[in-house]
Amino acid sequence: MSASSAEDSRAEELRIDGLVNVRDLGGLQVQDGRVIRSRQVIRSDNPKGMTEQGQLDLSEEIAPALVVDLRMVLEVSHEGYVIEHESARMVHLPMTPQSGVTP
């Protein structure tokens, strides 16, 4: 098992309807030795499958202040933003350069 797989296995799984692999990364140690506080960093898969119940779950369980979307520009243009939390600021930082994407 790689180091990142071992770290991921310690992250607490959360249940948000319509999302897969939602994890609270609280308790994980970062490179400089500090530890992420619980409910400060949550990660999940693509939010396109989130249901209305999932929106409620998100508001009640997490109430995000900042949502960082790592999807490619093409994905966002096709799928849009589905997180509807009134106090969340949305930031789009695509991880994959567009030059490597084919139609």
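Is Lys 48 buried or exposed? Lys 48 is exposed, at a relative accessible area of 54%. That value falls in the exposed class because exposed means over 50%. The model is predicted. The topic here is salt bridges, and the count comes to seven.

**The network**
- Four residues are linked in a network of salt bridges: Lys 48, Asp 69, Arg 71 and Glu 79.

**Lys 48 and Glu 79**
- Lys 48 forms a salt bridge with Glu 79. The closest N and O atoms of this pair are 3.6 Å apart.
- Glu 79 is partly exposed, with a relative accessible area of 27%. Partly exposed is the class between buried, under 20%, and exposed, over 50%.

**Asp 69 and Arg 71**
- Asp 69 and Arg 71 form another salt bridge of the model, with the closest N and O atoms 2.7 Å apart.
- Asp 69 counts as buried, at 7% relative accessibility.
- Arg 71 is buried too, and its relative accessible area is 8%.
- Both residues are also part of the network with Lys 48 and Glu 79.

**Asp 32 and Arg 34**
- Asp 32 pairs with Arg 34 in a salt bridge. Here the closest N and O atoms are 2.8 Å apart.
- Arg 34 counts as exposed, because its relative accessibility is 59%.

Conventions
Residues numbered from 1 in each chain as written. Predicted model: local features only at pLDDT ≥ 70, side-chain atom pairs only at ≥ 80, totals over all residues. Heavy atoms only, no water. Salt bridge = Lys/Arg side-chain N within 4 Å of Asp/Glu carboxyl O. Buried < 20%, exposed > 50% of the residue type's maximum accessible area, 1.4 Å probe, protein only.
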